[in-house]
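Colleague: I am new to this structure and would like to learn how to read it. Please take me through it step by step.

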Amino acid sequence: MLKVYTNIIQIAGDVIIVEAEGVGYNDVAQIDIRSGTSLAQVIRIDGKKVSLQVFAGSRGISTGDKVRFLNHPMRVATGDDLLGRIFNGSGMPLDRGPELSENLVDIGAPPVNPVKRIIPNKMIRTGIPMVDVFNSLVESQKLPIFSISGEPYNELLARIAIQAEVDIIILGGMGLKYDDYLFFKDTLKQHGALSRSIFFMHTASDPVVECLLVPDLALAVAEDFALKGKRVLVLLSDMTNFADALKEISITMEQVPSNRGYPGDLYSQLASRYEKAVDFDTAGSITILAVTTMPGDDVTHPVPDNTGYITEGQFYLKGGVIEPFGSLSRLKQQVNGKTRADHRTIMDTMIQLFASYREALEKQSMGFQMSAWDNKLLKYGLLFEEKIMSLKVNIPLEKALDLGWQILADCFLPEETGIKLSIIEQFWPRQK
Amino acid sequence: MNKRIGHIAKINGNMVTVKLDDFVIQNEVAYILHGQQRLKAEVIRVRADLAEMQVYESTTGLKIGEQVEFSNELLSVELGPGLLGQIFDGLQNPLPALAKQCGFFLKRGVYLEALVNTEWEFTPLVEAGAQVLAGSKLGVVPEKIFKHYIMAPFGLKGVLEVVEISGRAKRKISEKIAVLKDQSGKLHDVFLKQSWPVKVPIQAYAEKLKPSEPLVTKMRLIDSLFPVSRGGTYCIPGPFGAGKTVLQQLTSRHAQVDIVIIAACGERAGEVVETLKTFPEIIDLRTNKPLIDRTVIICNTSSMPVAARESSVYTAVTLAEYYRQMGLNVLLLADSTSRWAQAMREMSGRLEEIPGEEAFPAYLESRIASFYERAGLVKLHDGTFGSVTIGGTVSPAGGNFEEPVTQATLKVVGAFHGLSRQRSDARRYPAIDPLISWSKYHGFIDEAKENSAHAALRRSNEIAQMMKVIGEEGTSLKDYIAYLKGEFFDSVYLQQNAFDEVDEATSEERQIYIFNFIHKILFSEFKLEDKENARHFFQKLGQLFRTWNSSPWEGVEFRRVEEKITTLLEEKRKG
């Protein structure tokens with residue numbers, strides 16, 4: 001029999017304090033509110049005073065409401081029954097399907113022992129040259145998409161999801177617009193991927209605290225599948241909303257803020273989620289792609305900044321394309337040495353020349369005279385933007401590499417590219 | 001003596017406040033008894049009858065009133081044969097053994113012996129009746145390729161007399177091998193292993209000296225322009241994605257030292273995995289043994305408990321000091337010290353201390369200083385030398401070097417290798433910015449030549465800046481050539497291809513040869529009629545140099561390319 005407590009002594013923000021005994025840290029409680037019941041989680045205990053963050057928000061809570069402690073941390077159901085289902089940020093069904101209570105696992109399980117991980121070595125092909133050639137995506141990678149609001153980040157996320165060869169797709173939406181939620185659902189449905197997808201959906205109009213649970217729920221379910229040998233792709237959109245929810249709670253709890261109001265443990269909080277990405281040495285894998293919107297296109301904002309230090313690179317979406325500067329896949333070296341002998345050469349050379357193109361463009365815009373070299377660069381840059389960079393391009397890696405050589409040969413002499421002689425001899429296109 | 005105990009009164013994240021029944025020692029280790037589990041914690045503040053402790057594990061499920069047992073000991077590590085090749089977490093738990101016992105996940109409250117109790121072939125070096133000091137070598141066991149000396153416990157005071165010493169025999173790690181008598185007549189047992197509190201430096205040596213010998217890292221940019229000395233300190237601050245970790249990995253492979261200790265502190269697990277899976281397979285050219293045989297990895301990745309992250313850098317530096325005591329040169333690579341500083345910040349926030357800049361605690365600077373001060377070149381009691389070199393990366397928020405951790409670090413290190421986003425965006429690796437970096441140490445390149453090359457580089461950059469304003473056409477041919485020379489020096493000497501077998505590591509000999517070769521080019525005049533011609537000439541030269549850089553030292557290919565370069569230079573050289 002669970003004990004019921006009724007003496008709520010403080011309500012501030014979405015955090016309430018109730019007097020209770022024998023409560024475990026991080027345990028879950030159920031609160032009967034006039035409008036229904038809500039879950040809450042213990043976030044501080046001081047003697048008898050237990051602080052709880054209420055997932056449905058504190059609006060309408062009366063100081064006489066009943067609080068029941070469930071004596072366990074937050075749990076989520078796992079297993080094949082979840083496939084094709086949609087849940088909210090507390091793990092309750094949103095799709096009129098039955099509530100699930102089988103194979104419950106604790107969310108926020110302990111970290112993986114590093115020695116049980118393997119070096120990622122499987123490339124995920126996306127058909128996007130800016131990804132495949134220049135910043136290859138690798139299974140078990142954790143990679144954010146840095147973007148300003150209004151960029152087609154959800155489209156990019158959905159496109160990678162349907163083209164990637166994975167067993168299960170889990171989408172965690174945080175503060176998502178309802179339209180975007182429908183967009184994901186429709187796109188996955190169109191490509192027949194809905195039956196291997198699971199949604200945890202927190203939309204912009206839901207209570208803020210529920211947003212905090214979404215990554216944990218999604219990743220706990222993903223981990224369970226990965227342990228059973230499945231290859232799971234987790235999509236999170238948008239992690240900045242998650243960080244803002246953390247900020248809100250920590251300020252309510254009167255914690256000393258560190259940078260622009262964010263809590264001092266923002267890095268650890270984000271890391272403990274992103275680090276769930278894993279390739280187990282005898283089981284499946286989890287790959288995480290997460291959208292991080294950058295307020296004011298500022299990469300030094302605490303959320304993208306901390307994220308960048310945690311993740312294995314980032315895709316930087318700007319002006320509707322993946323920007324070559326600022327985008328990086330740290331794991332690309334694990335796979336791009338095994339694709340084709342010229343992969344790395346094309347990758348390095350084309351980017352270096354593109355950097356020179358940008359400089360030439362700057363000179364041009366300032367009205368300086370263009371040298372012969374500058375004109376070559378300008379020609380090259382335009383070709384690169386049109387044939388390689390555009391997100392409309394959808395070609396396999398090998399085709400993209402051939403295209404790269406063609407563009408180089410159209411614009412430059414071999415020695416102008418700085419490529420080693422042995423590679424030039426092997427790959428430079430013969431004169432027409 | 002009865003065990004001192006207390007009871008939990010307050011829980012806030014990984015900080016637990018305990019009501020005491022008895023006295024308590026600051027920084028003492030205590031265990032929280034939670035059901036069957038014993039969770040390790042450290043006392044970090046005492047107020048009246050309340051002790052505030054940081055818990056090295058997740059605090060989920062802990063309850064008010066649960067018992068806490070105090071251990072009477074400071075947080076310590078075990079020092080003895082068997083450390084090399086190991087992978088520990090921040091509390092010196094061996095991770096492979098944990099994986100065997102617990103599987104995929106790090107179960108909380110499981111602590112294993114750091115050193116396996118195996119037998120070692122012990123040979124005594126002193127006889128009964130000999131007079132020794134703390135840290136003196138009493139005997140030796142072979143560990144991998146090293147002579148692992150068994151030393152008199154570092155904490156003993158004054159002259160010690162050897163009362164008993166084991167003969168040549170196989171001894172287990174916890175077996176007594178000697179008895180020492182101190183001046184007050186007290187007897188001390190000596191084992192193959194000893195334990196040492198991590199936050200206290202080991203000072204059992206004759207004197208600390210000024211670092212003078214260069215530590216060769218085989219990175220041209222570092223060795224030739226911003227050298228590091230054995231026993232010195234350096235830091236690598238840089239924004240994310242600028243290549244800090246790749247730089248550290250390359251250094252750990254190629255640096256000319258005996259032992260490398262890698263402290264992966266609050267960073268990505270994937271990077272540690274790469275090190276620990278590849279090191280057993282890479283053969284160290286100097287020793288002909290796998291790299292892992294001379295490496296110890298301390299890994300407390302970002303998702304592992306924060307408090308253990310704070311202790312991991314201390315664990316690492318203590319192990320480094322231990323091997324230094326045997327007369328070895330040790331390199332400690334800490335990646336990243338910012339995560340360590342953040343762990344301090346998190347704790348300070350929970351303690352509700354008055355925050356300093358960016359909410360870092362006021363003692364940040366002194367903690368960073370005392371960490372780097374544990375590096376050094378020392379003369380041991382027997383006249384041999386040992387050194388600990390510390391290289392720490394810093395991950396400044398927003399890539400802004402003005403932030404507190406970078407600034408506090410710059411005050412205490414001897415060399416600064418600042419990475420810049422600009423260089424890494426342009427794929428100029430290593431992305432150490434030669435215009436902002438500095439070093440107080442002396443390298444193996446002739447100083448006057450180094451300075452003039454550095455000046456040429458700065459001049460080239462000035463012209464590049466100027467050209468942005470006045471355009472290429474407004475720049476004189478002379479200036480344009482100076483600009484091209486600097487770019488050439490940067491691209492073929494300072495930049496190094498980490499994915500090219502030959503180019504990734506350049507020996508001291510080769511660096512001196514190539515540097516002098518390029519230095520001559522930088523200060524020669526060439527017959528170049530116009531800018532187009534000049535640009536083309538340096539592009540061609542650059543291409544040849546890149547081929548040269550990836551040809552093995554003094555091989556046939558090396559000579560062939562050198563000849564080509566010389567021919568090209570002679571064609572255009574003036575006078």
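Modeller: Start with contact: two residues are in contact if their C-beta atoms, placed from the backbone, lie within 7 Å. This is a predicted model, in which local features need pLDDT of at least 70 and side-chain atom pairs count only at pLDDT 80 or more, while totals for chains, interfaces and linings use all residues. Residues are numbered from 1 along each chain as its sequence is written, and chains are lettered from A and ligands numbered from 1 in the order in which they are written.

Colleague: How many residues of chain A are in contact with chain B?

Modeller: 61 residues of chain A touch 64 residues of chain B. Several elements of chain A give two or more residues to that side, among them strand 5 (36–46), helix 6 (266–274) and helix 9 (343–365). Here helices (H or I, at least four residues) and strands (E, at least two) are DSSP runs, numbered from the N terminus. Helix 9 of chain A gives the most, with six residues.

Colleague: How do the residues on that side of chain A divide by type?

Modeller: Ala, Val, Leu, Ile, Met, Phe, Trp, Tyr, Cys and Pro count as nonpolar, Asp, Glu, Lys and Arg as charged, and the others, Gly among them, as polar. By that rule, the side of chain A that touches chain B has 27 nonpolar, 20 polar and 14 charged residues.

Colleague: Which strand of chain B is joined by bridges to strand 5 of chain A?

Modeller: Two strands pair if DSSP finds at least two bridges between them. Strand 5 of chain A is joined by two bridges to strand 1 (residues 5–12) of chain B, and they run antiparallel. Within strand 1 of chain B, B:Ile11 is the bridge partner of A:Ile45.

Colleague: What is the order of the strands in the open sheet of chain B?

Modeller: The four strands come in the order 10-13-15-16, with antiparallel pairing. Strand 10 (131–132) and strand 16 (187–191) of chain B each have a single partner strand, so one side of each has no neighbour in the sheet. Strand 10 of chain B pairs with strand 13 (residues 160–165) of chain B over two bridges, and B:Gln131 stands opposite B:Glu161.

Colleague: Which residues of helix 10 of chain B are buried?

Modeller: A residue is buried if 20 or more other C-beta atoms lie within 10 Å of its own, exposed if 12 or fewer, and partly exposed in between, with C-beta atoms placed from the backbone. B:Ala453, B:Leu457, B:Ser460 and B:Ile463 are buried in helix 10 of chain B. Their cover includes helix 11 (477–494) and helix 12 (508–522) of chain B.

Colleague: What are the domains of chain B?

Modeller: Domain bounds come from an automatic or database domain assignment. Chain B has domain 1 (5–75), domain 2 (116–195), domain 3 (207–396 + 405–439) and domain 4 (447–572). The C-alpha centres of domain 1 and domain 4 of chain B are 62 Å apart.
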